Amino acid sequence: LQVAMAALLLPSDKLAYEGYITCGVNDCHIKITVPAGGKLCDARFECDWKLARLLLGSMEDVEQRLSRSCDVSSFLNKLTELLDGQLKHQMCSVSPPPPRPPSYYQHLCRDIEAVGWQRMVHIDPTFQDLQIKATDRCGRQHILCLHLSAEHPLVPPHLKTELPSTVSFPWTPQSSIQDVVSAFEAELELLQAFWSAMEGLDRSLWVLEPECPGAACTYRRVVLKPNVSVVVTVVDPYKPLLPPSLKFLGPDDLVGCLKEKMQAAASAWDSSDSIPSNLQRLLQLTLPTPAQHGHEFSDECGICYSYTFGSHIPDTACQHCGKFFHHSCLIEWLGELPTSRKSFNTLFGNCPYCTKSISIKSSS
């Protein structure tokens with residue numbers, strides 16, 4: 001719960017101020033009445049019942065803060081600090097959920113023993129949230145998170161996993177946590193080919209993003225040649241070697257020919273071969289490997305002198321000198337030059353590298 005102050009104090013007359021303070025989801029009315037002379041040490045603070053309940057036992061502190069404030073704005077800041085402390089105290093004093101009946105814990109302990117206590121990564125103090133580890137046949141570690149309702153085992157547990165698919169399992173009042181773990185392990189087995197295919201991409205090609213892909217990640221953005229990349233997305237994790245979704249990124253003149261090659265050869269995709277091999281064969285390219293990262297394929301931006309800018313690479317080239325720039329860098333550069341001009345959504349100016357004419361669309 002947060003304190004969000006929105007003080008709209010409007011003078012109703014020369015000696016009174018009224019307004020509202022937003023505390024969480026409640027808009028609380030306040031009024032500060034200042035006697036003749038305008039000194040806050042003699043002012044009176046009033047509020048509605050919602051704020052009074054929140055400040056129960058602290059009204060004397062409020063009066064002291066009001067009397068010591070130099071003006072109404074400084075008092076509001078002090079009131080904010082007090083309310084923030086009260087709300088945090090309320091959060092800490094929230095009563096824990098009532099204990100479950102003994103039968104719940106007996107049933108749960110039997111289930112955990114069947115799975116194996118050594119496989120428990122975490123069990124919360126209420127025995128409501130469990131984390132169970134599993135190792136697939138290739139040695140990869142996976143975590144199954146279970147949330148058990150108060151009606152367990154009458155109600156199925158809620159699952160949270162880092163998988164590119166959904167774990168399906170039938171559940172009856174006679175089902176156990178071991179049944180869920182078995183369904184999870186069966187799903188891991190079905191995804192072995194998917195993870196092997198993605199690891200093959202990581203080993204063979206220069207992957208720009210994601211930097212640390214998780215087990216649920218179905219895409220890789222890989223470098224094809226200087227300033228050109230492609231986002232490879234596996235469409236079906238159960239059949240990862242089928243033709244993936246491809247999104248080419250880079251200058252139009254460089255990307256266009258690659259799109260045409262892929263469209264012309266799409267029917268020649270070999271689902272018995274790896275994704276990297278198919279890409280190289282159909283695009284007729286020798287794709288850069290991780291060992292080439294940062295060398296001849298990393299043509300830095302001519303403005304910021306870096307290759308990656310967030311998740312972007314230099315993808316806009318000068319038609320005269322061939323120097324590449326990040327799209328956003330060139331937009332900012334041309335936008336600051338007094339000699340640049342704009343027509344509709346296109347900026348026209350001079351190349352920062354060779355000073356000859358260059359243009360770029362201001363929105364991609």
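Let's start with a term: a polar contact is a pair of N or O atoms within 3.5 Å, where, within protein, one must be able to donate a hydrogen and the other to accept it, and residues adjacent in sequence count only if both atoms are side-chain atoms. Keep that in mind for Q192, whose side chain makes such a contact with the side chain of D136, at 3.3 Å.

Before we go on, this is a predicted model, where local features need pLDDT of at least 70 and side-chain atom pairs count only at pLDDT 80 or more, while totals for chains, interfaces and linings use all residues. Residues are numbered from 1 along each chain as its sequence is written, and side-chain values use heavy atoms, with hydrogens and water left out.

Okay, the overall picture. The protein has nine helices and 18 strands; those are DSSP runs, numbered from the N terminus, with helices being H or I of at least four residues and strands E of at least two. Of its 364 residues, 39% are buried. Buried means under 20% relative accessible area, exposed means over 50%, and partly exposed is in between, using a 1.4 Å probe and protein chains only.

Back to Q192. Where does Q192 sit? Q192 is in helix α6, residues 192-204. Is Q192 buried or exposed? Buried, because its relative accessible area is 2%. Leaving out residues up to four places away in sequence, Q192 touches D136, R137, C138 and R140, and touching here is a contact, heavy atoms within 4.5 Å.

Now, two of those neighbours, R137 and R140, do something else too. R137 forms a salt bridge with E189, 2.6 Å from N to O. By salt bridge I mean a side-chain nitrogen of Lys or Arg within 4 Å of a carboxyl oxygen of Asp or Glu. E189 is in helix α5 and R137 in the loop between β7 and β8, so to speak distant parts of the chain, 52 residues apart. R140 pairs with E199, with the closest N and O atoms 2.8 Å apart. Since R140 lies in that loop between β7 and β8 and E199 in helix α6, this pair ties together parts 59 residues apart in sequence. R140 counts as buried, at 14% relative accessibility, whereas R137 counts as exposed, at 60%. The whole structure has eight salt bridges.

What about the strands on either side of that loop? β7 (residues 129-135) and β8 pair in the antiparallel sense over seven bridges; strands count as paired if DSSP finds at least two bridges between them. They form a hairpin with five residues between them, and G139 in the turn has a positive phi of about 90 degrees.

L146 brings us to the inside. The largest nonpolar core has 47 residues, and L146, I177, L224, F248 and L279 touch the most other members. Helix α5 (residues 177-190) gives the most to this core, with six residues. A nonpolar core is a set of buried Ala, Val, Leu, Ile, Met, Phe, Trp, Tyr and Cys residues joined through side-chain atoms within 4.5 Å.
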